[in-house]
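User: Please take a close look at one part of this model, namely the place where two neighbouring parts of the chain meet. I would like a connected account of what is found there.

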Amino acid sequence: MLDNYTPSWMDEDLAQFREAVRRYTKDYLEPTDVEWRENKQASREAWLKAGELGLILPDLPEEYGGAGVSAAYAAVVIHEVAYTGNTGLGIGMNHIVGHYIARFGTEEQKKRWLPGMASGEIIAAVAMTEPGTGSDLQGVRTKADKVDGKYVINGSKIFISNGQMCDMVLVVAKTDATQGAKGISLIIVDCNTPGFRRGKALDKIGLEGQDTSEMFFDDCTVPADCLLGGKEGMGFYQLTEQLAYERAQIAIWAAAAQQRAFELTVEYAKERKAFGKALIEFQNTRFVLAEVKATVTASRTFADLIIQKWADGTLDASTASMGKFWLTDRQCEVVDKCLQLFGGYGYMREYPIARMYADARVQRIYGGTNEIQRELVGRLL
Ligand SMILES: Cc1cc2nc3c(=O)[nH]c(=O)nc-3n(C[C@H](O)[C@H](O)[C@H](O)COP(=O)(O)OP(=O)(O)OC[C@H]3O[C@@H](n4cnc5c(N)ncnc54)[C@H](O)[C@@H]3O)c2cc1C
């Protein structure tokens, strides 16, 4: 779409990898969008195939199931998956949780979880948000009390992506309820542990193919070695560091969705006739699409900066947060403008642009709301 443009982080190997990802998305994501939305979840088959092709956590060292390549490979996967408009496959969560473990986990934790997460056999979730608190993470009330050398977890979580399908969940809990940030720890919970229970898949206005759920912990007791990194009170620090990568993923996703919306709309505007001519022949249509193209181009180059920084290890919190709020705000504007050019068809779920419109909205909410991102950027000025 961007004429004669190759991002600085792209090379021959990555371009070949991208072709392999595109073959996968064509076979496994394009045909399944509607079905997954009806089922409210993706298929295990698609997860396993993604793992087999090396699309999950490619940037882990080989000994843990990755390919030892740069994060640009993970970015390519996110971009290509997002571009399909099928938002059901939550492999981004495996990327996020996998990196928490790779970065902070003990050797045993890495060996126990990472190879299965990279192969798609283990689906991961991260459970921060609770019914009573989302933006204010220090306010979490889920407790993990140390009893007889084990952690006994009690509390509930809400809006957890991969909540129905996950095999493990990284839980944000208070190991010291008298403390704020310093009382927070991250605990790895195997979903087969007694006392862990899932609510039903939540009914959402978009992203219907993703299994977002409530989770309940009732005296859910795990061995002490499930504490991420083996040290209590490190959770807030661990979250602060890793959330930048989650936000980077959301930003890259937003750029890909914009590009797809633009391309679908140009195609439609050339075919659809009104008053005896194609929509594209109206000056208003061309002006709107010119605006959209400029926005998509700016978004693409911003996303490329984020990918470049992510790949070379220099991604900072401020850039990730700016990318998250700016690109997702643009995503919602772009998809809205594009939908308008589809007229009534744009409001029909049968049309991808309608599904993209509904899917886009949550991008400004999860991963830390866009208001919180502005706060974070503002604080670092
Ligand atoms: C589809 C979906 C998937 C999700 N997946 C996950 C997941 O996998 N894991 C997980 O833990 N969570 C997940 N979430 C939860 C998501 O991250 C939270 O909903 C989000 O962080 C906001 O928290 P909240 O809903 O409690 O809103 P609140 O924190 O109650 O915020 C309500 C409003 O107040 C604003 N606000 C709050 N504080 C401030 C402030 N200081 N300054 C200015 N404005 C403020 C917010 O921006 C927002 O507009 C998901 C949510 C959805 C909808």
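Analyst: In this predicted model, the protein chain is divided into three parts: domain 1 covers residues 12-122, domain 2 covers 125-233, and domain 3 covers 237-379. The account below concerns domain 2 and domain 3. Their contact draws ten residues from domain 2 and eleven residues from domain 3. Taken over C-alpha atoms, the centres of domain 2 and domain 3 are separated by 31 Å.

Between domain 2 and domain 3, about 930 Å² of area is buried, and carbon and sulfur atoms give 64% of it.

Turning to specific interactions, the count between domain 2 and domain 3 is one salt bridge. A salt bridge joins the side chains of Arg-349 and Glu-208, with an N to O distance of 2.6 Å. Polar contact between domain 2 and domain 3 amounts to two residue pairs, both at pLDDT 80 or more. Sorted by class, the side of domain 2 that touches domain 3 comprises seven nonpolar residues, two polar residues and one charged residue.

A further residue deserves attention, Lys-157, which lies in strand β3, spanning residues 150-160. Lys-157 counts as buried because its relative accessibility is 0%, whereas the cut-off for that class is under 20%. The side chain of Lys-157 reaches the backbone oxygen of Val-172 at a distance of 2.7 Å.

Notes:
Residues numbered from 1 in each chain as written. Predicted model: local features only at pLDDT ≥ 70, side-chain atom pairs only at ≥ 80, totals over all residues. Heavy atoms only, no water. Helix = DSSP H or I, 4+ residues; strand = E, 2+ residues; numbered from the N terminus. Buried < 20%, exposed > 50% of the residue type's maximum accessible area, 1.4 Å probe, protein only. Polar contact = N/O pair within 3.5 Å; in protein donor to acceptor, adjacent residues only side chain to side chain. Domains from an automatic or database assignment. Contact = heavy atoms within 4.5 Å. Buried area = accessible area lost by both parts, 1.4 Å probe. Salt bridge = Lys/Arg side-chain N within 4 Å of Asp/Glu carboxyl O. Nonpolar A, V, L, I, M, F, W, Y, C, P; charged D, E, K, R; others polar.
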